[in-house]
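Dear colleague,

Please find below the structure that I am passing on to you, followed by a short account of what was found in it. I would be grateful if you could read the account alongside the model.

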Amino acid sequence: MRILCAVDGSEYSQWGVQALEALASREPEAVTLLHAIDVSSLRTARGKNPVAERRALAAMEKAGGLLLREAERTARVALGQAATSPRTKFQRILAHGPLASTIVRQARRVKADLILMGSRGLSDIRGFLLGSTSRQVAAITPCPILIVKRPTPQFGRVTLAVDHSKHSRAAARFLRSHILSGSATLTILSSAESPVSDLAARYLSESQLAELTTPVMDRALALVNALREEFIKEGVSVTTKVRMNHVIDTIVKEVEAHHEDLLVIGSRELTKSERLHLGSVSESLLRHAPCSVLIVRGTRA
């Protein structure tokens, strides 16, 4: 697996680099460490003091180079390759441009299978209005992205949230092939939306309500059991859960109650309108989930 890890010198981005330890058992083929400099922040002074602008840029580039070297040392330690001959190929990139689009562009260029980033996990109104670089990248990247929200040396407790889409099946394949370690415990969760509104349910008998909801629950049970069999073949410890409730609330409450290390979800690429209005399930879960989140895009992941 080829991993692109974006770093900015913050505590949060350091969590992302350190999270390579949780992926060490799969020993990545290559790790690219990227630091992006948004030069637009310097251009407010253009025409007034270009010399100061050039000096500031040179200072930022020097600091970025030092940051990348330190990040590589941390990455080698996390992968257990600090004192041995490297089995993972490391590359450092210092790039210029808007942060989110630059990260995605560089991920395409190095053919990354996964973008790895740390995040402070904003879920308050400020985070909703301003967004974060990690959420912006998650909205536009075509490849899987792992957002690390806290120090995570291993993904011991993992929840895979699924529905009947091909994107959920892709997420299961990616998790099984690239992320999950043999010691991890996995919960496969499906939250089925009720076919009946709360208002309508008040006027239906129990038998009438069961006639409508039972087929939905049975279909969800068949889905999680089929996926369970695939993971069991790989020797993974698996439990399954099916709930009928609001999807986002159910998933967030489950991972919070069981102190999960990682939430995994599949997602299609967002339209421009969805990116603008932050309307997708994956974006909402990324914003509200208390643990790290892996979003898998693409049906061939």
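Helix H1 (11-18), strand S2 (30-37), helix H3 (99-109), strand S4 (114-118) and helix H5 (133-140) each contribute at least two residues to the lining of the second largest pocket. Of these, S2 gives the most, with 3 residues. Please bear in mind that the model is predicted. The lining of this second pocket comprises 19 residues, and those nearest its centre are Asp8, Met117, Gly118, Thr133 and Ser134. By class, the lining has 8 nonpolar, 9 polar and 2 charged residues, and the space in the pocket is about 360 Å³.

The largest pocket has a volume of about 480 Å³. Two or more lining residues come from each of helix H6 (166-179), strand S7 (185-192), helix H8 (206-232), helix H9 (247-257), strand S9 (262-267) and H11. In total, 28 residues line the largest pocket, with Asp163, Ser165, Ser168, Gly266 and Val281 nearest its centre. The lining divides into 13 nonpolar, 10 polar and 5 charged residues.

Valine 281 belongs to helix H11 (residues 281-288). Its relative accessible area is 44%, so valine 281 is classed as partly exposed. Between valine 281 and glycine 266 there are 9.8 Å from C-alpha to C-alpha, at a separation of 15 residues in sequence.

As regards the cysteines, the structure holds 0 disulfides. Cysteine 143 is buried, with a relative accessible area of 12%, and cysteine 291 is also buried, at 0%.

With kind regards

Terms used: Residues numbered from 1 in each chain as written. Predicted model: local features only at pLDDT ≥ 70, side-chain atom pairs only at ≥ 80, totals over all residues. Heavy atoms only, no water. Disulfide = S-S within 2.5 Å. Buried < 20%, exposed > 50% of the residue type's maximum accessible area, 1.4 Å probe, protein only. Helix = DSSP H or I, 4+ residues; strand = E, 2+ residues; numbered from the N terminus. 1 Å grid on protein atoms, 1.4 Å probe; cavity = no way out; pocket = protein on both sides within 12 Å on 5 of 7 lines; lining within 4 Å. Points joined across faces, edges and corners; volume = space filled by probe spheres on them. Nonpolar A, V, L, I, M, F, W, Y, C, P; charged D, E, K, R; others polar.
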